[in-house]
Amino acid sequence: MNTDPLLTPFQLRHLTLRNRIMSTAHAPSYEEGGHPRDRYRLYHEEKAKGGIGLTIIGGSTNIAPDSPSVFGQLYAGDDSIIPWFQKLTDGVRAHGAAVMCQITHMGRRTAWDDGHWLPVAGPSVTRERAHRAIPKAMEAEDIRRIIAQFAAAARRCQQGGFDGIELLSHSHLLGQFLSPLVNQRDDEYGGSLENRLRLTLQVIEAVREAVGPDMILGMRVTGDELTAGGLTADDCVTIAQQISATGAVDFLNILAGAPYDDLGLAGWVPPMGLPAAAHLGVASRIRHAVDLPIFHAGGIADIATARHAVAEGHVDLIGMTRAHMADPYLVAKLARGDETRIRPCVGLGYCVDRVNQGKAAVCGHNPATGREALMPHVIAPAPAPRKIVVVGGGPGGLEAARICALRGHQVVLFEASDRLGGQLKLASSGITRRQIWGVADWLIEEVTHLGVDLRLNHYAEADDILAETPDVVLLATGGWPDTPHFDGAELSVSSWDVLSGEARLSGEVLLFDELGDHPALTCADVLARKGCTVTHVTPDRATAQDLGPTNSAVALRDLARQGVTFHCLQDIAAIRQQGNRKEVTLRHVLTGDTTTRIVDHVVIEQGTIPMDALYHDLKPQARNLGQVDQDALLEGRAPLIPLQDGGSYLLARLGDAIASRNIHAALYDALRLCKDL
């Protein structure tokens with residue numbers, strides 16, 4: 001018998017969970033028409049296949065029309081969702097996992113100009129910065145209506161076949177009534193903690209009556225708002241004790257923080273740059289104050305921390321939600337002794353930030369997540385082995401080599417430098433985002449374990465490739481920094497020069513950011529920590545415009561603490577030498593007005609251009625002329641299709657060797673190209 005505390009079963013009333021690892025409720029924005037259709041179902045089924053004990057679906061499932069979706073939530077406000085619930089619960093349970101659904105009313109934490117354009121509801125007229133709505137102060141009639149809507153939605157979950165229901169309080173309507181930061185009422189629902197708790201207890205009573213005594217019912221609650229004027233840890237212990245005293249609730253899921261702005265959201269769903277498991281002590285305090293099972297999640301991505309949380313009695317079940325986005329087979333690998341081969345979540349934050357930008361969640365590290373209908377998490381062996389040559393040891397090339405090796409092919413990987421990892425070495429140069437190297441670390445260990453023939457310090461040319469007599473050539477050669485085109489551009493250096501250490505700068509630095517993404521912010525971090533005075537300039541209307549709220553909030557906070565200043569809507573018109581300094585002419589992108597700045601150095605970040613000379617050398621002899629069939633690619637079929645009778649190999653580029661994009665694009669290219677080779 002396995003004695004790992006994480007793998008021991010847990011009895012939750014009548015429900016036996018096969019282990020202590022769970023995926024907490026979240027909204028990956030895979031819904032269709034407010035329903036959890038096939039994409040949503042397959043995403044949760046994959047975690048069940050991978051051995052998870054409990055998955056809670058339906059993050060922020062809305063119960064009422066005046067709680068519209070703002071990040072792709074489900075809608076349980078009418079009966080049309082029940083058949084989709086039933087299909088999902090049958091699918092997850094067939095693979096041995098338990099499944100619950102979270103329901104909520106978002107209160108002010110939503111948008112008034114979406115859905116049915118109804119007024120946002122809240123305890124008081126208190127605006128939330130994160131979602132920017134000013135709510136209507138709820139009347140007694142609104143309160144009665146929403147209590148009834150909670151009960152009706154709970155009945156739909158029960159009819160949908162769930163093992164349990166979780167009511168979401170934290171930062172949503174129920175939590176807003178609890179928080180003195182938000183609740184300014186002077187009636188029986190405001191003022192004292194007893195009054196502010198009244199709505200929560202009424203909802204619990206109504207839901208329990210609706211679903212009967214046998215349905216598992218839990219609540220996700222705040223353990224400490226960690227904000228001046230908010231709920232204190234003592235307040236939250238009292239709240240938990242009062243909820244427990246009802247006898248109607250079977251578990252509490254503990255969070256901490258106040259995600260009422262971007263930095264608050266980052267503290268709740270931490271990207272890299274914030275400490276892991278920061279709120280485990282908050283959950284532990286409540287576990288010792290109430291006689292209920294305690295669940296917890298919050299930046300817990302590694303097995304050692306999760307094991308500590310359970311083994312030391314801090315929690316009963318530990319949430320590893322984003323860790324399962326990185327590797328839904330986490331539990332299965334742990335159970336068979338392959339803990340070191342778990343694909344790690346390094347805190348890229350690409351999942352939660354995309355959702356908050358109105359896009360579907362993807363894992364920056366695992367391109368199969370959310371694409372289970374077409375993309376495999378488990379790579380199957382090929383019918384026959386082939387000879388594969390990969391050029392480039394960055395993340396795209398490493399992932400291509402890994403997948404091809406798992407397929408059973410003979411793989412040779414050429415890397416021009418003396419190390420693997422590609423641009424991830426530059427990306428991990430700063431402090432805030434140094435964890436990104438974990439992606440390279442895992443890929444390097446995997447290709448080594450799988451026996452890929454790694455040839456470092458080898459700048460591969462066409463003759464080197466042809467000498468291997470390959471069946472397939474995959475070019476992950478990446479790119480070089482794009483050259484700026486303005487007068488005096490030669491007086492600048494690239495961000496790569498700084499991050500690689502080739503350019504050692506001091507004094508005042510103007511850093512021009514064309515992309516609005518991580519690279520320039522990482523460069524600013526490196527420069528500021530070396531004592532430079534950094535001015536970040538962008539032509540965009542906002543600094544770091546392409547980043548989502550958690551990553552941008554943490555990165556910009558760290559830079560601001562180091563004295564970095566930010567200027568938007570400015571383009572570089574020219575640079576001129578002025579003694580041993582440089583005069584930079586900036587042009588306002590809207591008005592055309594110009595200003596000048598005198599600095600010691602100018603650094604430019606504007607993406608890369610492909611290193612494609614080798615591709616063009618090899619293209620004429622390729623059976624597919626280097627082309628990828630887009631229809632096949634989109635349908636999940638083998639995309640490298642011969643276009644000429646001659647030629648001796650198939651050829652494809654991936655990642656920045658095609659166009660300047662990001663790590664996820666490179667990994668996704670590799671999976672789509674290699675899974676059927």
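Trainee: Against which elements do the buried residues of H9 pack?

Mentor: They pack against helix H7 (233-245), strand S10 (251-255), strand S11 (294-296) and helix H10 (303-311). Contact here means heavy atoms within 4.5 Å, and helices (H or I, at least four residues) and strands (E, at least two) are DSSP runs numbered from the N terminus. This is a predicted model, in which local features need pLDDT of at least 70, side-chain atom pairs count only at pLDDT 80 or more, and totals for chains, interfaces and linings use all residues. Residues are numbered from 1 along each chain as its sequence is written, and side-chain values use heavy atoms, with hydrogens and water left out.

Trainee: Which residues of H9 are buried?

Mentor: In H9 (residues 280-287), the buried residues are Leu280, Val282, Ala283, Ser284 and Ile286. Buried means under 20% relative accessible area (1.4 Å probe, protein chains only).

Trainee: How is a pair of packed helices described?

Mentor: By the angle between their axes and the distance between the axes. H1 (residues 38-49) and H2 (residues 82-93) pack at about 20°, with axes 8 Å apart. Axes are lines fitted to C-alpha atoms over the stretch in contact, and angles run from 0 to 180 degrees between N-to-C directions. H1 and H2 are therefore roughly parallel (angles under 35 degrees).

Trainee: Which residues of H1 make the contact?

Mentor: Asp38, Tyr40, Arg41, His44, Glu45 and Ala48 of H1 meet Lys87, Leu88, Gly91 and Val92 of H2.

How values were computed:
Angles under 35 degrees count as roughly parallel, over 145 as roughly antiparallel, 65 to 115 as roughly perpendicular and the rest as oblique. Buried means under 20% relative accessible area, exposed over 50%, partly exposed in between (1.4 Å probe, protein chains only).
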